Amino acid sequence: MSMKEFILLFRMDILTPEAQPSAEQMQSYMNMWMKWIGEIAMQKRLADGGNHMVPSGRVIRPGNNISRQPYSVNNESVAGYIIVLAKDLDEATTIAEKCPILQGEGTSVEVRETAIPGS
């Protein structure tokens with residue numbers, strides 16, 4: 001079976017101080033995260049690549065118009081990503097549906113297939 005690469009983009013409110021988890025919540029979330037990632041790796045569905053991102057950043061637009069914070073919509077911004085292997089978008093979506101980030105408010109996971117250059 002031919003596998004394709006899919007990027008799972010994790011979005012959450014990284015800007016509102018009140019929306020940030022406490023140290024105890026973060027520990028609980030990290031435990032759930034490590035279990036989920038471990039299951040994906042054990043199934044040989046975790047590809048190389050992926051990471052969490054710091055909450056600061058910039059957006060550069062034409063005309064050297066620079067925003068001094070990450071791009072966000074409804075206070076949600078990309079907080080990290082992983083790359084998974086799946087046969088199709090439906091299978092990648094099934095993997096993403098189990099992501100622990102979805103237990104929080106104002107969170108989402110976007111699933112996108114990587115493009116193969118020249119195809």
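The model is predicted, so local features need pLDDT of at least 70 and side-chain atom pairs count only at pLDDT 80 or more, while totals for chains, interfaces and linings use all residues. Residues are numbered from 1 along each chain as its sequence is written, and side-chain values use heavy atoms, with hydrogens and water left out.

Start with the layout: two helices and six strands, running β-α-β-β-β-β-α-β along the sequence. Helices here are DSSP runs of H or I with at least four residues, strands are E runs of at least two, and both are numbered from the N terminus. The C-alpha atoms fill a box of roughly 45 × 45 × 20 Å along the principal axes.

Now for the largest pocket, with about 640 Å³ of space. A pocket is an open set of points on a 1 Å grid where a 1.4 Å probe fits, with protein on both sides within 12 Å along at least five of seven lines; lining residues have an atom within 4 Å of a point. The volume is the space filled by probe spheres set on the points, which are joined across faces, edges and corners. There are 24 lining residues, with M12, P21, M26, Y29 and I101 nearest the centre. Helix 1 gives the largest share, five residues.

Finally, look at D13 in strand 1. D13 is buried (under 20% relative accessible area, 1.4 Å probe, protein chains only). Its side chain makes a polar contact with that of T16 at 2.9 Å, that is, an N or O pair within 3.5 Å, one able to donate a hydrogen and the other to accept it.

Conventions
Buried means under 20% relative accessible area, exposed over 50%, partly exposed in between (1.4 Å probe, protein chains only). Lys and Arg count as positive and Asp and Glu as negative; His and the chain ends are not counted. A salt bridge is a side-chain nitrogen of Lys or Arg within 4 Å of a carboxyl oxygen of Asp or Glu.
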